[in-house]
Amino acid sequence: MAMRGETDNSFGPGSHVVEIKDVKKSFYVYVDEGQTVLSEKRRWFSRKKPGELVAIKSFTLDVDHGEFVALLGPSGCGKSTLLRILAGFETPTSGFVTFKGNAINGPDPQRAMVFQSERAVFPWLTVEGNIGLGPKLQGMGKKARKEAVAKTIELVELKGFERAYPKTLSGGMLQRVAVARAIVNHPELLLMDEPFGALDAQTRNHLQDHVVKIWQSIEQTIIFVTHDIEEAVYLANKVVVFTARPGEIKEVVSINLPHPRDRTSEEFIGLRNHCTRLIRDKHPEG
Amino acid sequence: MSFRAKLLALAVLIFAGLTINFSGPAFAGQEAFEKSGGPVDTWNRPIEKEFVVGKDIDPVHFVIGVAIAMVLLLVASNTFAKFVPVPLVRALTSVGLIVIVWEMVVYYKLVNQVLLPPPTTVIIKLQGHWAKGYLQIHILASLKRLFFAFFLAIATGVPLGFLIANFRKFSDYVDPLFNLMRVVPPPAWLPFAILWFGIGNPPSYFIIWLGAFFPILLNTISGIKDTQQIHIESIQTLGGSRMDVYARVMIPSAFPTIFTGIRIGFGIGWICLVTAELVAVDAGLGWMIEDARNLLDTPTVLGGMVVIMMFGIFFDTIFRAAEKEVVKWQ
């Protein structure tokens, strides 16, 4: 497990960017004759009984500065929920999560999030407007903003589309806008929730290389949620494999292959197969 | 300045001009009639009762002229297809045909010309009213009323819709009241509007406001409620405050829906305007029609209807063009 060092609430060199300790997250739902209904409301005279859906049972993980962590698991295992807790959209039912030594309460531009759907890009703003909004909200001046936006657009290779509205762009380009929008603020932590899940394989591979390039160029911490085993092994240097719901850590796989990684190399395939076995089997080898 | 900004500035200027500069007294019509002299009725208004077909325009020439214009238009649409929009040509063709048939049935005395005044008579009548300055007064009186009430409707409908969509408790209390009011047709409020607001402009403001307010309110509510959660979370993760969520996400994403509500509201306001002017005022297109009806001046009645039609189409076209520009991103 990735437990290293003692609990230290002051953020300094050597301590972790993110500390997740015994986090449990459950949702209050209504259960109707054995069927779970995800709803906070209860209709009058309904036979539904209040129940609890445990998304994450107990989760402990530390993430260091500059790490690229992939949260890998079957769908519904609570990995997205954990990411939403880190982003500040949800609060854990018990346990605590700290970011740079401070408890997380609410969303913060230092913990930028890239959403699963490319619809998260604001359709009423141009590419430039979308990317420039973050710095604008941070109170950056017009000139500095323009520079930062131009630099980021170059980084995600969207030059020539600055004035385009999102409806004219493809899914892959939109996701690049979403990534650019998140990184333009230079967040300490970049959270990515299956950002390439809806794209075709070729575009996905291309964007994965983009993410690696961005990660290497601006040296930030990335936590990346995915259910694609190859994607996790290709990108991350630490793959956290989840069990099925309720989510728990099954194993943390360190990947020390240098970038760019060769998908056909023996080591890569070995690690991939290892992760596949972890996810598929209830009891992995040994 | 971008095209959109120019368009918006122009619209604001026109609307502001109409609401402020041309705001004459509510009884502007009577003043004008008093100035004009000539034979007057008990209300001190000039009496005009000539219904001569073809006094200035020969019906035969008129029909031939319209027919030639139609043929030319069709030829032009075939030859210069790029420059002449085909749907427009087709629309004008069907209107032209109706005008020709209408003129002919009266010319051949198939129907009584008082019951159906022919286009030529209507044109002459309108020309006469324009020359004497009556028509302008009525048009301006109507527009002024319309724009004032219309802006009142926007100024109340959009903020209220925003509050109802965002604040559950507020909506629970206020929404039922508006729903109760909404199902009553605005003209049914007329008697009380006059009792409460007196004679003159205020009751018609109230009626027009009622007509324009509800489409604006409802569209604002549904537009704001349709804001996607992912957009709200996106701006939060970019460092947006609650105000940023309102101003930078909810309003822009709801804007196309709100604008459609404004366009529909304007149309209904225009309908309510004419209804409201049938009583309690002394100028305006609705009043002009009502007054002409009392004198059995059917060409003026029809002329008033034609003017209302023209303005209705004109404003609708402007609103549609503006809408297209505003929702360019969709």
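**Briefing: the chain A–chain B interface and selected contacts**

The side chains of A:R84 and B:E233 meet in a salt bridge, with N to O at 2.6 Å. A salt bridge here is a side-chain nitrogen of Lys or Arg within 4 Å of a carboxyl oxygen of Asp or Glu. The rule finds one such bridge across the interface of chain A and chain B.

This is a predicted model: local features need pLDDT of at least 70, side-chain atom pairs count only at pLDDT 80 or more, and totals for chains, interfaces and linings use all residues. Residues are numbered from 1 along each chain as its sequence is written, chains are lettered from A in the order in which they are written, and side-chain values use heavy atoms, with hydrogens and water left out.

**Interface of chains A and B**
- 25 residues of chain A contact 20 residues of chain B (heavy atoms within 4.5 Å).
- The buried area is about 2000 Å², and carbon and sulfur atoms give 64% of it (accessible area, 1.4 Å probe, lost on putting the two parts together, summed over both).

**Chain A side of the interface**
- The rule finds one salt bridge between chain A and chain B.
- Strand 7 (111-114) and helix 2 (127-137) of chain A are the elements that give two or more residues to the side touching chain B (DSSP runs: helices H or I, at least four residues; strands E, at least two; numbered from the N terminus).
- Helix 2 of chain A gives the largest share, four residues.
- By class, the chain A side has 14 nonpolar, four polar and seven charged residues (Ala, Val, Leu, Ile, Met, Phe, Trp, Tyr, Cys and Pro are nonpolar; Asp, Glu, Lys and Arg are charged; the others, Gly among them, are polar).

**Salt bridges overall**
- The whole structure holds 21 salt bridges over all chains.
- One of them joins A:E194 and A:K79, with the closest N and O atoms 3.7 Å apart.
- This pair links distant parts of the chain, 115 residues apart: A:E194 lies in the loop between strand 8 (189-193) and helix 5 (201-218), and A:K79 in helix 1 (residues 79-87).
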